[in-house]
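Let's take a friendly walk through this structure, starting at the surface and ending in a pocket. Keep the 3D view open as you read.

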Amino acid sequence: MGKKERKLTPAEERRKADFEKTALELMNQGYKRTELTFDELKLNILVLLIALPCIIVALFAFVFIHPDKLVLLSNIELLVCAILLLLLIFLHEFMQVLLFSFFCQNGIKDIVFGFRWRTLTPYSGCKAPLKKEQLIIVNIIPFIVLGLVPTIIALRVGSIMLFILGLGMIFSGIGDIIYVHMLLKYKAKGNDVIFFDAPLKLGCIVFDR
């Protein structure tokens, strides 16, 4: 038997119907549809395969630069780290919402956000058409600001807590970097190209002619 599909919420049903209507209109105008989407399980495995070596290298770098700063955190400090990581994950999505709203035709009205219960993570998306460069910016800026920059600063100053927070955000943003890599690899089949955030999957759907 095939994999049983998850029952969609009314909001997801509406978004899917609206998108398919737009997709049909575009294809009637001569656009070709291409899906650049991920299988969630395969993406999670790929994230682990990429993130773990990066984290190990970063840990070795921290120990090499600051051998006296690698100390065990107290229970209170670990709790604070966990709370801050949770807040940073929501901040990551908030940053994407702001960037999406800047690029979307109707601003915040075009933004879709919710919560994936299977992975216990928030998500955001856009119903309006976008350019490839805009999707790249939306996905790479939070990774740099919340993950890469704090980790580099932590390596510089020797803050173990900041280092943990930075690594945590790098780990949570690896999926975005994989997405950016996929976008960069995609070669349009024509000169007129439109990108849509996939309504129900991870990734995007491209229309070009």
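This is a predicted model: local features need pLDDT of at least 70, side-chain atom pairs count only at pLDDT 80 or more; totals for chains, interfaces and linings use all residues.

You will find L148 in helix α4, which covers residues 132-157. Is L148 buried or exposed, or does it fall in between? Its relative accessibility is 36%, so L148 counts as partly exposed, because that class lies between the cut-offs of 20% and 50%.

Helix α4 also holds Q134. Here the relative accessible area is 18%, so Q134 counts as buried, because buried means under 20%.

| Residue | Relative accessible area | Class |
|---|---|---|
| L148 | 36% | partly exposed |
| Q134 | 18% | buried |

Q134 has another feature to look for: its C-alpha atom is separated by 8.2 Å from that of F100, and the two residues are 34 residues apart along the chain.

Now turn to the second largest pocket, which holds about 210 Å³ of space. It is lined by 14 residues, and those closest to its centre are D18, T22, K127, A128 and F196. Two or more lining residues come from each of α1 (10-28) and β4 (193-197). Which element gives the most to this lining? That is α1, with four residues. What kinds of residues make up the lining? Six are nonpolar, three are polar and five are charged.

Definitions and conventions
Residues are numbered from 1 along each chain as its sequence is written. Side-chain values use heavy atoms; hydrogens and water are left out. On a 1 Å grid over the protein atoms alone, a cavity is a set of points where a 1.4 Å probe fits but cannot get out, and a pocket is an open set with protein on both sides within 12 Å along at least five of seven lines; lining residues have an atom within 4 Å of a point. Grid points are joined across faces, edges and corners, and a volume is the space filled by probe spheres set on the points. Ala, Val, Leu, Ile, Met, Phe, Trp, Tyr, Cys and Pro count as nonpolar, Asp, Glu, Lys and Arg as charged, and the others, Gly among them, as polar. Buried means under 20% relative accessible area, exposed over 50%, partly exposed in between (1.4 Å probe, protein chains only).
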